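Welcome! Take a look at the sequence and the structure first.

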Amino acid sequence: MHAGTRRHTARLIPAALAAGLLMTACGTGAGSSKAAESAAKVTVTPAAGTAAKLGSPISVKADGGKLTTVDVKDDKGAKVPGKLTADGASWTSEGKVRPKTTYTVATKAKSTGGKESSATTTFTTEQADKVNKLTNTPGNGQTVGTGMPISILFDHPIATSNRAEVEKALKVTTQPHVEGAWGWVKDWSGKDRIDWRPKDYWPAGTKVSVHGGLGGINSGDSGWFARDYDFDFTIGADHKAVIDVPSHTLTMYADGKAVGTITGSAGSPQDPTRGGVHTVRSKNAAETMDSATIGHGSEWMLDSQWVTHLTASGTFLHSAPWNQSIGVVNNSHGCFGMSTSDAKRVYDFLSVGSTVEVKGTSSTKKTDVGNGLEVWQENWQQWQQRSALK
């Protein structure tokens, strides 16, 4: 009996030990699985390093989990905006990488099993062969007339194949809403230009904001835009003028009502004043009228005051104290000359961006849109054909 008991006990002890070992093994396996769980794999494009290629946005992707935070900044500390997909699988910047810029991408992610991780990636983009810049008219904060277009002049040419992308990056916001369109223009200087004009004249008091999300866009011929552009302006009073060539008069209108008429001398039959609707492009209180600038050699060099510039080729409103036939004979070389006091009156009344319509002229020359701010020389249907998005 005692011997049998001992034999039975000896068989139970190894079984208990085996059970204990089995429980220990299971417990150890569960702990190792949790410790070895993989973090989500986060990939940033362009990859870390230098000389990253231009022409693409920044993208961040998470495999085996989702992104919880993506914070991208450039080397000036400016935040790069972007959008995270609803499932958190990827993030893409709103714009493209800019030339010779260092970006820092800080991410946080969570794996499908709940493991959290963070990482920081830095890369630098390559330099562009040419950086394309622009000059905008009106200037930021300026108040202008109801005929003023938004005009953007580029330092370097914009390739025809790249114009649609550039045009898409330009956004105009108005308060109240105003319908309008962009059109590509060859400036009088020979440079490429894009203008935005409203379908009809601006309502007085309109607030206008322009955003050019151009940073990182290829302008063609090895040129790139290095930054975005933003500017705002306001439409001022509704002041216009109408020149009636046969009657030698200029009538000023405020809010559609005539507020004064003056006499002057328009272009002679040999050099008639250009017709159509012109836009005041600039003004100068005093300047010298040089015949060489409009192709008349050294015929004259005359000092004038209160000069209102219309076309880039030399159609002006100005004082003409040397002219003894003002209001009687049209004898200028294409400008509209007045007495000094009347020229100042017109100068003060019209703003940059106001329109001056010339009626009754014998001129048959079509004024090119790029010869100043001449967007009103075309009707709305013609203007829309200038868009690269048509």
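Predicted model: local features only at pLDDT ≥ 70, side-chain atom pairs only at ≥ 80, totals over all residues.

Residues are numbered from 1 along each chain as its sequence is written, and side-chain values use heavy atoms, with hydrogens and water left out.

**Terms for strands**

- Strands are DSSP runs of E with at least two residues, numbered from the N terminus.
- Two strands count as paired if DSSP finds at least two bridges between them.

**Strand β21 and its partners**

- With strand β20 (residues 239–244), β21 pairs in the antiparallel sense over 6 bridges.
- Across this pairing, lysine 240 stands opposite tyrosine 253 in β21.
- β20 and β21 form a hairpin with 4 residues between them, and histidine 248 in the turn has a positive phi of about 60°.
- β21 is also joined to strand β22 (residues 257–263) by 6 bridges, and these two strands run antiparallel.
- Here alanine 254 has lysine 257 in β22 as its bridge partner.
- The hairpin of β21 and β22 has 2 residues between the strands, and aspartate 255 takes a positive phi near 55°.

**A sheet of three strands**

- An open sheet is formed by 3 strands in the order β9-β18-β17, with mixed pairing.
- Its edge strands are β9 (130–132) and β17 (218–220), each of which pairs on one side only.
- Neighbouring strands of this sheet are turned by 40° against each other on average, direction ignored (the axes are lines fitted to C-alpha atoms).
- β17 pairs with strand β18 (residues 223–225) in the antiparallel sense over 2 bridges.
- In that pair, asparagine 218 stands opposite tryptophan 224 in β18.

**Threonine 146 in its loop**

- Threonine 146 lies in the loop between β11 (142–144) and β12 (150–154).
- Threonine 146 is called buried because its relative accessible area is 0%.
- The side chains of threonine 146 and aspartate 238 are joined by a polar contact of 3.5 Å (a pair of N or O atoms within 3.5 Å, one able to donate a hydrogen and the other to accept it).
- Leaving aside residues up to four places away in sequence, threonine 146 touches several residues, including Tyr201, Trp202, Asp238 and Lys240 (contact means heavy atoms within 4.5 Å).

Technical notes:
Axes fitted to C-alpha atoms, helices over the stretch in contact; angles between N-to-C directions. Buried < 20%, exposed > 50% of the residue type's maximum accessible area, 1.4 Å probe, protein only.
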